[in-house]
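The following report concerns the surface, fold and assembly of the model shown below.

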There are 2 protein chains.
Amino acid sequence: MTGKLYGVGLGPGDPELMTLKAHRLIGAADVIAYPALVGGESFARTIALGAMTEDVEEIMIPVPMTVERGPAQMAYDTGAAAIAQRLETGKNVVVLCEGDPFFYGSFMYLFSRLSERFETEVVPGVTSITACAAALGQPLTARNEVLTIIPGPMNEALMQERIKAADAVAIMKVGRHLPKIRRVLEALNLSQNAGYIERATLENQIVAPLADAPETAPYFSMILITKGKDPWL
Amino acid sequence: MTGKLYGVGLGPGDPELMTLKAHRLIGAADVIAYPALVGGESFARTIALGAMTEDVEEIMIPVPMTVERGPAQMAYDTGAAAIAQRLETGKNVVVLCEGDPFFYGSFMYLFSRLSERFETEVVPGVTSITACAAALGQPLTARNEVLTIIPGPMNEALMQERIKAADAVAIMKVGRHLPKIRRVLEALNLSQNAGYIERATLENQIVAPLADAPETAPYFSMILITKGKDPWL
């Protein structure tokens, strides 16, 4: 009997936003695997730490942050091989995933390497999108509105087009793209409708109207735009 | 001292996909409030039941499902007044919300009536979007892909345009709009990329390629489309 592979969403950062199921599976796991920046901390492990048992085996997958995909692919090859070895001996392996495993997550790189060979279950988690809306105190979408989720690196003209076509927009991974996003929203006359959220649900969370946002944004920041097309009274 | 109002996301249906925070707040609440279809069950209450204490006070808000908004607005006026009365006596009130409170949820109708008068906290929950991706076993979005969320009632021409412009699409509230959605996906040559999910995470869940989906879909069904633009190997 081979073991079962779990991709477990941990939510946006506050450990209490983990699901009951994630908490149970982490506590019962034989092996816990997680990606980490080379030489850095694993955010996923930090979220899950309180749910982990002391004697659980850990597989850390150090992922280099290079522009070329080759080095990261090699890291996932190595990580997948280490996980496969445990699964083959009948151990269950829980892969820790920030947010949700299938929503802009790195779990898909392990999923594509392992799910055909091993029984796999994905446990959804709270995404940063709705965590940011909650932090902002602003409903995201009502009734028949369209919500579009855009990654910050998108080119300026296309971003303008996509924002124009939606009723509500979440721009993820803002980081160094903040000046470009400000220009796009200015051009669309939507700056007043935009809120900025940094490190949602963590202790050092920042929430502000876009006009009052810091000059530089970290990778884990988001801008939410609602147009109020369909007022919710 | 007035009480605090909580809008608490319960996730897509499996009670184990509730967050630890939702579970704690529900167990500690003085009063639990929830919308229910007139004469019907409350899906939110069903999800939360195992976390509720026996002696908690319940406020049921019966919401009529009419096309005109007037009757539902009156129901939320009445419900908000009942909640306000408890908050004014210093009791904490937890409003139960399927999925996430700010993501196509009815909590916004209470939020708009109460959040300016009473301290309010929104606790995000797992949405049906990522729960459906997990059920389908198919990653939703990678890297710099755009995800668009479309409600089923959208008109056919516009729906076609929006789907064409996105890398991944979730169509919510499929219900009686299934034949229209099939036509749109056929016209875009995307039927092979579409998965159908009904009652995700519940015992009677149905998951199928769109080609094998039932002829009639309930309101709580979804179609996910991925174009594989950005392969995740």
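## Surface and burial

Chain A exposes about 9900 Å², and carbon and sulfur atoms supply 52% of this area (Shrake-Rupley method, 1.4 Å probe; for residues, only the protein chains shown count as cover). Of its 233 residues, 56% count as buried, that is, under 20% relative accessible area with a 1.4 Å probe, protein chains only.

This is a predicted model, in which local features need pLDDT of at least 70 and side-chain atom pairs count only at pLDDT 80 or more, whereas totals for chains, interfaces and linings use all residues. Side-chain values use heavy atoms, with hydrogens and water left out; residues are numbered from 1 along each chain as its sequence is written, and chains are lettered from A and ligands numbered from 1 in the order in which they are written.

## Fold of chain A

Chain A has seven helices and ten strands (DSSP runs: H or I of at least four residues for helices, E of at least two for strands). The radius of gyration of chain A, taken over C-alpha atoms, is 19 Å, close to the 17 Å that the globule rule gives for 233 residues, so chain A is as compact as a globular protein of that length. The rule is 2.2 Å times the number of residues to the power 0.38.

Among contacts in chain A with a separation of 6 or more, 71% join residues 24 or more positions apart; contact means heavy atoms within 4.5 Å.

## Relation of the chains

A rotation of 180° with 0.0 Å of shift along its axis superposes chain B on chain A, with an RMSD of 0.0 Å (least squares on C-alpha atoms of residues with pLDDT of at least 70 in both). That is the relation of a two-fold axis. Because 100% of the interface residues of chain B are also interface residues in chain A, the copies meet through the same surface.

How values were computed
Buried < 20%, exposed > 50% of the residue type's maximum accessible area, 1.4 Å probe, protein only.
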